[in-house]
Amino acid sequence: MKASKIAYKPVGLALGAVSGMLAGALFKQAWKMIGHDEDAPDATDEERGWSEVLLAATLQGAIFAGVKAAVDRAGAAATRGTTGTWPG
């Protein structure tokens, strides 16, 4: 394993935590704009219908994946700019 990959591991973990918090906040705001309630439904919420539960899960997954990809890509680009080596 390259030294740059090993050195990037802690950075990647920190960026992952940040992207999770950011994605959670973005999803909460998005759900407020399109949902009927403040909180998104859980899969086992008996009071909510299938369509609402599946919409919430799909939207949450898309937001988390998009934010994670953007943060990971920005971190890799910043690492290359700093060290001259792509961490992946």
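Visitor: Why is serine 19 called buried?

Guide: Buried means under 20% relative accessible area, exposed over 50%, and partly exposed in between, with a 1.4 Å probe and protein chains only. Serine 19 has 5% relative accessibility, so serine 19 counts as buried. Please note that this is a predicted model, in which local features need pLDDT of at least 70 and side-chain atom pairs count only at pLDDT 80 or more, while totals for chains, interfaces and linings use all residues. Residues are numbered from 1 along each chain as its sequence is written, and side-chain values use heavy atoms, with hydrogens and water left out.

Visitor: Where does serine 19 lie, and which residues does it touch beyond four places in sequence?

Guide: Serine 19 has its place in helix H1; helices (H or I, at least four residues) and strands (E, at least two) are DSSP runs, numbered from the N terminus. Contact means heavy atoms within 4.5 Å. Leaving out residues up to four places away in sequence, serine 19 touches Val67, Lys68 and Val71. The C-alpha atoms of serine 19 and glycine 66 are separated by 9.6 Å, although these residues are 47 apart along the chain.

Visitor: Why is alanine 40 called partly exposed?

Guide: The relative accessible area of alanine 40 is 27%, and therefore alanine 40 is partly exposed. Alanine 40 lies in the loop between H1 and H2. Not counting residues up to four places away in sequence, alanine 40 touches Phe27, Trp31, Arg48 and Ala56.

Visitor: What makes up the largest nonpolar core?

Guide: A nonpolar core is a set of buried Ala, Val, Leu, Ile, Met, Phe, Trp, Tyr and Cys residues joined through side-chain atoms within 4.5 Å. The largest one has 8 residues in all: Ala23, Phe27, Ala30, Trp31, Ala56, Ile63, Val67 and Val71. Helix H1 (3-34) and helix H2 (50-83) each supply at least two residues of this core. Alanine 30 is also in contact with Leu59 and Ile63, neighbours within four places in sequence being left aside.

Visitor: How does the radius of gyration of the protein chain stand against that of a compact globule?

Guide: The radius of gyration is taken over C-alpha atoms, and the globule rule is 2.2 Å times the number of residues to the power 0.38. A compact globule of 88 residues would have a value near 12 Å, but the protein chain has 17 Å. The C-alpha atoms fill a box of roughly 50 × 25 × 15 Å along the principal axes.
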